[in-house]
Amino acid sequence: MAPKPKDKPKPSQSAWQPPPAIEDLFTDLNRHIQRSEFAQAIKVADQVLSVAPTDEDAIRCKVVALMKDDRTEDALSTIHSLEKRNVDFSFFKAYCLYRQNKLNEALESLKGLERNPEVLLLESQILYRMGKMDACVEVYQKLQKSKVDSLEINLAAALILAGRASEVQGMLEAHRVKASGSFELAYNTACSLIERNKLTDAEQLLLSAGRIGQETLMDENLAEDDIEIELAPISVQLAYVQQLLGRSQEAMEAYMDIINKNLADESTFAVAVNNLIALKGQKDVSDSLRKLDRLKEQDAPNFQLSRGLDKLSPKQRETIYANRVLLLLHANKLDQARELVTRLSDMFTDSVVPVLLQAAVLVRENKANKAEEILGQFAEKFPDKSKVILLARAQIAATAGHHQIAADSLSKIPEIQHMPATVATIVALKERAGDISSASVIFDSAIKWWSNAMSEDSKLSVIMQEAASFKLRHGQEEDAASLFEELVRNHGSIEALVGLVCTVARVDVDKAETYEKQLKPLPGLKGIDVDSLEKTSGAQHGSNALHVGVASAPEEVKKEKPKKKRKRKPRYPKGFDPANPGPPPDPERWLPRRERSSYRPKRKDKRAAQVRGSQGAVVREKHDAGGTPANSNSSQSKSQASTSKVNAVEKPKPSSSKSSKKKSRK
């Protein structure tokens, strides 16, 4: 029998296979990118690079796929590894640094690149995140000639944050677009209306933005939760408008609904939490601190906003930190507040808020002098930001009783020196400090400013009236008289005429009488004998009062009758019928029981014998020589006691404390 032929061995699966063609790899790479399968695209790009390590298209695809897959650190590592190959990936490097919130490095990486629309858009986003809104607006204006999608939306947002909300409407007209063109543009336009204090119009536009967004996102077949996430900023802003309009309950319910659902993105959630805390104020400070703890970075030892909140503008982030400090002060956690304020000075170097918060902490620690010193140094170092600082310093100094420092702080704010409120405050502070001459100079400067001012709403007469009264009060009769004369001559003020008569009467009586003739006579004073009134010593009360002879009073006075007092109807208790009152209440119902006439005290059982000794012992009467029986009648002792009391009343005798003690022992 012939042997069976041996089977040929099957090739093992681990045997080497030729790599696929590079064209096929690029086909797969393109397919994965189109399907947004970025993890698979990265693997295919690595396969291409294993065959062709210097292929720039494969490298570019890998870097973009890493950024799309939120692996910015790996993308940066890949870019750094290519620096020796003279491959320029500065744009992608800047984008990765922007995603990591390394904004200064990202802006530096864009230098030297061609100013094409892509580079300008990324630069505008970096400037927006840095809070440099004016520079951001300039970049957007350069892009107006380029056909960039959603340029109007971003430009409107930048104008609002740059404090130029009034330019939004003109920008929309220049671009020939309507605010209702998209829900994002309607939202930003409503924000500009809020900045212009047109709250009712903003509310209507926000409602329209919600309806437009609902229809748009439903047409894109988004899930309900995704639609709610996209429209959450509109809901929060609508609640904010309701809060400004005074509808606090509606706003609070809207904030709580957004927070409880937890469907909004992190930035919108943070805004809702902050606005709710601001609306609640000092109510339940501990609960507000717990809500803010939901915004902190979990791994951070101290309070620090999470990395997901980097999209918030610097002003929004600063506001959240400031509210945290205020809550800590209300909760009397001064150590935590002091530590957080120290970090805020490094985080927001161009802002005055950290300095104000530092002063607030010092005031809470009863260190008003230190707070005044810090604010004064900051005002001298940054004069362009000194207005708010000087106002805070004046308030702290005035509260601490440092009137001169408060007045000097207000005097360093030139744009409000002429306002009546400022003038009155400075004069009052200097008057309390005893600096009358400087207070008078403040009045003179304000009068000079308003005399030269070309304003329809002039406050000259008000300030001159107060200045004249001040000078008259402090013995400057001539200056006061000249001010009163000018008021009478130019403004025809009756009050000034009265003041002029009173002032001139101290110096020149004849001149005062001349001015007095210009006063209109008061009705009802013709029949009063002035000479008799002057002879009296004033009004007196009682039976010995001097009755001054007065002519017949006017008929109107005679006809007046004394007003009758209205009798109020008695108020009965609930359910009481006055027609059927029932039995009258006990008149002694409010007296203690012992004081009532019906009280009968309980009698003591006189038959109870006093038993001493062990249980079952027999009590026997013992008669000692000269002693009294143990159960003798007590009436005799009572009668003796009563007679002794009577005697004591009839014949009082002085006795020392020792004798009284001995008698009590008997």
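Trp 449 is partly exposed, at a relative accessible area of 41%. Buried here means under 20% relative accessible area, exposed means over 50%, and partly exposed is in between, with a 1.4 Å probe and protein chains only. By that cut-off Trp 450, at 7% relative accessibility, is buried.

Before going on, the sourcing. This is a predicted model, where local features need pLDDT of at least 70 and side-chain atom pairs count only at pLDDT 80 or more, while totals for chains, interfaces and linings use all residues. Residues are numbered from 1 along each chain as its sequence is written, and side-chain values use heavy atoms, with hydrogens and water left out.

Now the rings. A pair of aromatic rings is described by the distance of the centres and the angle of the planes. Rings of Phe, Tyr and Trp (its six-membered ring) pair if their centres lie within 6.5 Å; planes under 30 degrees apart are stacked, over 60 edge-to-face, and the rest tilted. There are eight such pairs in the structure. One of them, Phe 89 with Phe 92, is tilted, at 5.7 Å between centres and 45° between planes. Phe 89 is buried at 4% relative accessible area, and Phe 92 is buried at 14%. For Trp 449 and Trp 450 the centres are 4.9 Å apart and the planes at 80°, so that pair is edge-to-face. Ring pairs also join Phe 89, Phe 91 and Phe 92 into a cluster.

Next, the overall fold. The protein chain has 32 helices and zero strands, taken as DSSP runs (helices H or I, at least four residues; strands E, at least two) numbered from the N terminus. Of its 666 residues, 32% count as buried.

Which residues have the most contacts inside the largest nonpolar core? They are Tyr 255, Leu 292, Leu 295 and Val 325, in a core of 38 residues. A nonpolar core is a set of buried Ala, Val, Leu, Ile, Met, Phe, Trp, Tyr and Cys residues joined through side-chain atoms within 4.5 Å. Several helices each supply at least two residues of this core, including H13 (224-244), H17 (314-330) and H19 (353-364). Apart from it lies another core, of 37 residues, with Val 139 and Leu 217 among them.

Leu 357 is in helix H19 and is buried at 7% relative accessibility. Leaving aside neighbours within four places in sequence, Leu 357 is in contact (heavy atoms within 4.5 Å) with Ala 322, Val 325, Leu 326, Val 341 and Leu 344.

Last, helix H12, residues 199-219. Its 21 residues should span 30 Å at 1.5 Å a residue, and its end C-alpha atoms are 30 Å apart, which agrees; the expected span is 1.5 Å times one less than the number of residues. Buried residues in H12 include Leu 199, Leu 206, Gly 213 and Leu 217. After H12 comes Asn 221, with a positive phi near 60°.
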